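The following paragraphs lead through a single structure, from one residue and its surroundings to the chain as a whole. Please keep the sequence and the model in view while reading.

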Amino acid sequence: MDAEKYLLIASMNPSIDVTMHINAFVPGGTNRAHTVLEDAGGKGINVARALKGLGAAGVICTGFLWQEGSGLFYDALEKSGVKADFLTLPGSVRRNIKVFDAQKGEITEINAASPLVSAQELLSAKERIVNLAKKARFVVLTGSLPKGADADFYEGVISAVDSPCALDADGEALLCGVRAKPAVLKCNEKELSVLHDSGAALEKAKAVVDSGVSTVIASMGADGAILADARGAWRALPVKLNVRSTVGAGDAMLSGYLAAVARGETGGDALKYASACASACVEGEGTCVPDVQSVCAYMDRIKIERMMEW
């Protein structure tokens, strides 16, 4: 990577992730957690920390933070080697509760809304991202938007910067963002269906590529993951894992893909590394941040097949 270039991550709606491990979750009853973990979370924070853990030379994280609870984020990013350049607002960082049922291997999530942000604060955040993007090799726009933001916020950023962008969003923010033709779209099977509601996953991914998105990476749960670009499509076959937490797994996959691309890898090779990153995250606890050593342990277990060439 060019020494003067860096990866810029926009984290517009970070959260304190509180993960509670319970032996057998009882809805409507009294549950006692045997382990409680608190992490600086939110998709942008996860991606930034994972990229540094995977060896990225320069990573800057920007967006919004709120005064109460912000110390957890600054400490976590500093420890990871990520430069923080946030617009810090009055109020408290939202808290997201993740309840892990060990008996069923399931996670129940309760996500809080952010404090309301003003139009001026959103404009200031956009201007900061656009300015920082001038020297960015890649701009990553990921996660939900704060209360008060219009659904086309990511679309506006993608249209305003010259650097290639990666998008990972859902709902209306996803639909709007894709219109600006990001270089990379990270999604899951449900989000892929939001974009195209008919056909198999491969057909949907190809339709997104045909619309102008350079690369689509779709995590497919028990069916593995697929990557489609202008050359064709590849599939990472599912791996049997001891699931301890799915929090941040999609973020780890996106981080792994970007780290692989920074080394010059493409197609199936990049998908293999991305899938190994997600696997390492799934078998970790809380909001897991994969690193090079943990990811290498999964590389031999990831099998890639070429699905289609077009």
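Val194 touches Leu174 and Leu175, when residues up to four places away in sequence are not counted; contact here means heavy atoms within 4.5 Å. Val194 belongs to helix 6, which covers residues 189–195. Helices (H or I, at least four residues) and strands (E, at least two) are DSSP runs, numbered from the N terminus. The C-alpha atoms of Val194 and Gly171 are separated by 7.4 Å, although these residues stand 23 residues apart along the chain. Val194 has a relative accessibility of 39% and therefore counts as partly exposed.

The model is predicted: local features need pLDDT of at least 70, side-chain atom pairs count only at pLDDT 80 or more, and totals for chains, interfaces and linings use all residues. Residues are numbered from 1 along each chain as its sequence is written, and side-chain values use heavy atoms, with hydrogens and water left out.

The cysteines may be considered next. A disulfide is a covalent bond between the sulfur atoms of two cysteines; the criterion applied is a pair of cysteine sulfur atoms within 2.5 Å. The structure holds zero disulfides. For Cys176, which is in no disulfide, the nearest cysteine sulfur is that of Cys165, 15 Å away. Cys187 is likewise in no disulfide, and its nearest cysteine sulfur, that of Cys176, is 16 Å away. Cys176 is buried, at a relative accessible area of 8%, and Cys187 is buried at 0%.

How many aromatic pairs does a search of the whole structure find? The search finds three. Rings of Phe, Tyr and Trp (its six-membered ring) pair if their centres lie within 6.5 Å; planes under 30 degrees apart count as stacked, over 60 as edge-to-face and the rest as tilted. One of the pairs joins Phe64 and Trp66, whose ring centres are 6.0 Å apart; their planes meet at 45°, so the pair is tilted. Phe64, at 0% relative accessibility, counts as buried, and so does Trp66, at 1%. Another pair, that of Tyr74 and Phe86, is edge-to-face, with 6.1 Å from centre to centre and 85° between the planes. Because Tyr74 lies in helix 2 (residues 70–80) and Phe86 in strand 5 (residues 83–92), this pair ties together parts that are twelve residues apart in sequence. Tyr74 counts as partly exposed, at 30% relative accessibility, whereas Phe86 counts as buried, at 7%.

A charge sits over a ring if NZ of Lys or CZ of Arg is within 6 Å of the ring centre and within 35 degrees of the ring normal. Lys206 lies over the face of Trp310, at 5.3 Å from the ring centre. The charged end of Arg263 is placed over the ring of Tyr273, 4.3 Å from its centre.

The chain as a whole contains ten helices and 14 strands. Its radius of gyration is 18 Å, close to the 19 Å that the globule rule gives for 310 residues, so the chain is as compact as a globular protein of that length. This radius is taken over C-alpha atoms, and the globule rule is 2.2 Å times the number of residues to the power 0.38. Of the 310 residues, 50% count as buried.

How values were computed: Buried < 20%, exposed > 50% of the residue type's maximum accessible area, 1.4 Å probe, protein only.
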